[in-house]
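The model and its sequence come first.

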Amino acid sequence: MADVEFIKKHLTSHPDFPKKGIVFLDIFPIFRNPLAFEALITHFLHHLTSHTLGISQTNKIDAIVGLDARGFLLGPIVALRLGAAFVPVRKRGKLPGQCISASYEKEYGIDSFEMQADAIKPGQNVVVIDDLLATGGSAKAAGELVAKQGGKTLEYLFIVELMFLQGASKLDAPVYSIVQSDD
C-alpha cells in the first residue's frame with residue numbers, strides 16, 4: 001500500500017535512545033509534513049470505516065480514547081471525523097473531577113493512568129489510539145478503564161507495533177497497526 005510506504009518514509013530511527021540498545025522510531029516528522037499527517041489520519045479512518053465499524057453491533061464508534069500524550073495528537077482528529085467523542089487517558093493527578101484509575105508496569109516500575117469517571121457510558125463502543133504498541137501495558141490499562149465504565153473496546157490502533165514484544169497478546173480486543181517492526 002503506497003500510503004503505508006509514504007508514512008513509513010517519514011519515520012526516523014534514533015539508535016540508543018532513550019537508552020543504549022533501544023532504537024527509537026520518531027513519529028514527529030509525520031506531523032511536520034501536512035500530506036504525511038493527512039495520509040496517516042486518512043489511513044486510520046479508512047480502516048475504521050471499512051473494518052472496525054463492521055464489528056460494532058450498532059455500526060458506530062461512540063468514543064476514541066487517546067493515551068497520554070501522543071494519543072492526544074491523533075485521537076481528537078479521528079474522533080471529530082467519525083462524529084465520536086474524544087476521551088483522554090492521563091497520568092495520575094492530571095485530570096480534574098472524579099477519576100477512575102488503572103495501573104500498568106513499565107520497565108522501571110509501576111505507573112497509573114486515569115480517566116474521568118463519567119467519560120464513557122455503559123454500552124458505548126470505543127477505540128483506543130496511541131502512537132506505539134510495545135509491551136502493551138499502557139494500552140491494557142486504558143482498556144481496563146473503558147471496561148470499568150461499561151464500555152466495549154472494539155479495537156486498539158497504533159502507528160507502530162513492535163512485534164517482538166508481543167504487546168497485542170495482553171489486550172482484550174484486536175490490534176491494528178500501520179507499521180510493524182521486528183527491531
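## Sheet, helices and aromatic pairs

Val128 stands opposite Tyr156 in E8. The model is a predicted one. Strands E7 and E8 run parallel and are joined by 8 bridges.

These two strands belong to an open sheet of 7 strands with mixed pairing, ordered E5-E6-E4-E3-E7-E8-E9. E5 and strand E9 (175-181) are the edge strands, and each of them pairs on one side only. From one strand to the next, the twist averages 20°.

Helix H4 covers residues 71-82, which makes 12 residues. From its first C-alpha to its last it reaches 16 Å, close to the 16 Å expected at 1.5 Å a residue. Which residues of H4 are buried? They are Gly71, Leu74, Gly75, Val78 and Ala79. Seen down the axis of H4, the buried residues fall within an arc of 120°, so they line one face of the helix. Their packing partners include two helices, H2 (28-31) and H3 (34-50). The buried residues of H4 also pack against strands E3 (63-67), E4 (85-91), E7 (125-133) and E8 (152-162). H4 lies across E3, E4, E7 and E8, and it runs at about 165° to E4. Just after H4 comes Gly83, with a positive phi of about 70°.

Helix H5 covers residues 137-148 and has 12 residues, which should span 16 Å at 1.5 Å a residue. The end C-alpha atoms of H5 are 16 Å apart, in agreement with that value. Buried in H5 are Gly137, Ala139, Ala141, Ala142, Gly143, Leu145 and Val146. These buried residues pack against E3, E4, E7 and E8, and also against strand E5 (99-106) and strand E6 (109-116). H5 lies across E3, E4, E5, E6, E7 and E8, running at about 155° to E5. Gly150, which follows H5, has a positive phi near 90°.

The remaining topic is the aromatic rings. A pair of aromatic rings is described by the distance of the centres and the angle of the planes. The model has 5 aromatic pairs, among them the pair of Phe28 and Phe31. That pair is tilted, with 6.1 Å from centre to centre and 50° between the planes. Both residues lie in helix H2, 3 residues apart, about one turn of the helix. Phe28, Phe31 and Phe37 form one aromatic cluster.

Tyr104 and Phe113 have ring centres 4.8 Å apart and planes at 40°, so this pair is tilted.

| Residue | Relative accessible area | State |
|---|---|---|
| Phe28 | 33% | partly exposed |
| Phe31 | 23% | partly exposed |
| Tyr104 | 8% | buried |
| Phe113 | 1% | buried |

Phe28 and Phe31 are thus partly exposed, whereas Tyr104 and Phe113 are buried.

Methods. Residues are numbered from 1 along each chain as its sequence is written. This is a predicted model: local features need pLDDT of at least 70, side-chain atom pairs count only at pLDDT 80 or more; totals for chains, interfaces and linings use all residues. Side-chain values use heavy atoms; hydrogens and water are left out. Helices (H or I, at least four residues) and strands (E, at least two) are DSSP runs, numbered from the N terminus. The expected span of a helix is 1.5 Å times one less than its number of residues. Buried means under 20% relative accessible area, exposed over 50%, partly exposed in between (1.4 Å probe, protein chains only). The arc is that of the directions from the helix axis to the C-beta atoms. Contact means heavy atoms within 4.5 Å. Two strands pair if DSSP finds at least two bridges between them. Axes are lines fitted to C-alpha atoms, for helices over the stretch in contact, and angles run from 0 to 180 degrees between N-to-C directions. Rings of Phe, Tyr and Trp (its six-membered ring) pair if their centres lie within 6.5 Å; planes under 30 degrees apart count as stacked, over 60 as edge-to-face and the rest as tilted.
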